[in-house]
Amino acid sequence: MDKFLSILLLFLFMFLPSTVGAMSKFTGNDFLAMWEVERTKNQCVMYVAGVIDGATYEAQYAKREGFTLKTRISQGDICIPQNVTSAEYTKVVVKYFKDNPKMLTVQAGVLVRRALWVNYPCQNN
């Protein structure tokens, strides 16, 4: 059993770096392709929600550490009104992607954040 487990772990570790590398290359084109398939639209909504969670954490960390307003805005603070649903802000992201096709080779997370910042910038921090 120990030999089997060792072989299994070795096999998994051999492919882990290539999997991580593939994940980091998820582009705007990949995101839009998923959006066009009905059964994967919810994954797109959850992806955008994850970007928002990351941006929220970053903003809270920046505030706690005393970063200046100029620094925080240049990093792209996002302020989504509470009445905006996850489906609505994801549609805003999709529209931004479709309106900016030349940017779609960039990593999707970067583009999602940019789309949200353009559409929901913080007015006063």
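Predicted model: local features only at pLDDT ≥ 70, side-chain atom pairs only at ≥ 80, totals over all residues.

Residues are numbered from 1 along each chain as its sequence is written, and side-chain values use heavy atoms, leaving out hydrogens and water.

**Around Val-48**

Is Val-48 buried or exposed? Its relative accessibility is 0%, so Val-48 counts as buried. Buried means under 20% relative accessible area, exposed means over 50%, and partly exposed is in between, using a 1.4 Å probe and protein chains only. Setting aside neighbours within four places in sequence, Val-48 is in contact with Phe-31, Tyr-89, Thr-90, Val-93, Val-112 and Leu-116; a contact means heavy atoms within 4.5 Å.

**The core**

Val-48 is among the residues with the most contacts inside the largest nonpolar core, together with Phe-31, Tyr-89, Val-93, Phe-97, Val-112 and Leu-116. This core has 25 residues. A nonpolar core is a set of buried Ala, Val, Leu, Ile, Met, Phe, Trp, Tyr and Cys residues joined through side-chain atoms within 4.5 Å. Helices H2 (28-35), H3 (41-65), H5 (86-99) and H6 (108-119) each supply at least two of its residues, and H3 gives the most, with seven.

| Helix | Length | First to last C-alpha | Expected span |
|---|---|---|---|
| H3 | 25 residues | 36 Å | 36 Å |
| H5 | 14 residues | 20 Å | 20 Å |

In H5, the buried residues are Tyr-89, Thr-90, Val-93, Val-94, Tyr-96 and Phe-97. Seen down the helix axis, they fall within an arc of 160°, so they line one face of H5; the arc is that of the directions from the axis to the C-beta atoms. This buried side packs against H2, H3 and H6, while the face turned away from it carries the exposed residues Lys-91 and Lys-95. H3 has buried residues too, including Cys-44, Val-45, Ile-52 and Ala-59. After H3 comes Gly-66, with a positive phi near 80°.

**Rings that meet**

How many aromatic pairs does the structure hold? There are three. Rings of Phe, Tyr and Trp (its six-membered ring) pair if their centres lie within 6.5 Å; planes under 30 degrees apart are stacked, over 60 edge-to-face, and the rest tilted. Phe-26 and Tyr-47 make a tilted pair, 5.2 Å centre to centre with 55° between the planes. Phe-26 lies in the loop between helix H1 (2-23) and H2, and Tyr-47 in H3, so the pair ties together parts 21 residues apart in sequence. Phe-26 is buried at 18%, whereas Tyr-47 is partly exposed at 27%. Ring pairs link Phe-26, Phe-31, Tyr-47 and Phe-97 into a cluster.

**The whole protein**

Stepping back, the protein has six helices and zero strands. Of its 125 residues, 30% count as buried.

Technical notes: Helix = DSSP H or I, 4+ residues; strand = E, 2+ residues; numbered from the N terminus. Expected span 1.5 Å × (residues − 1).
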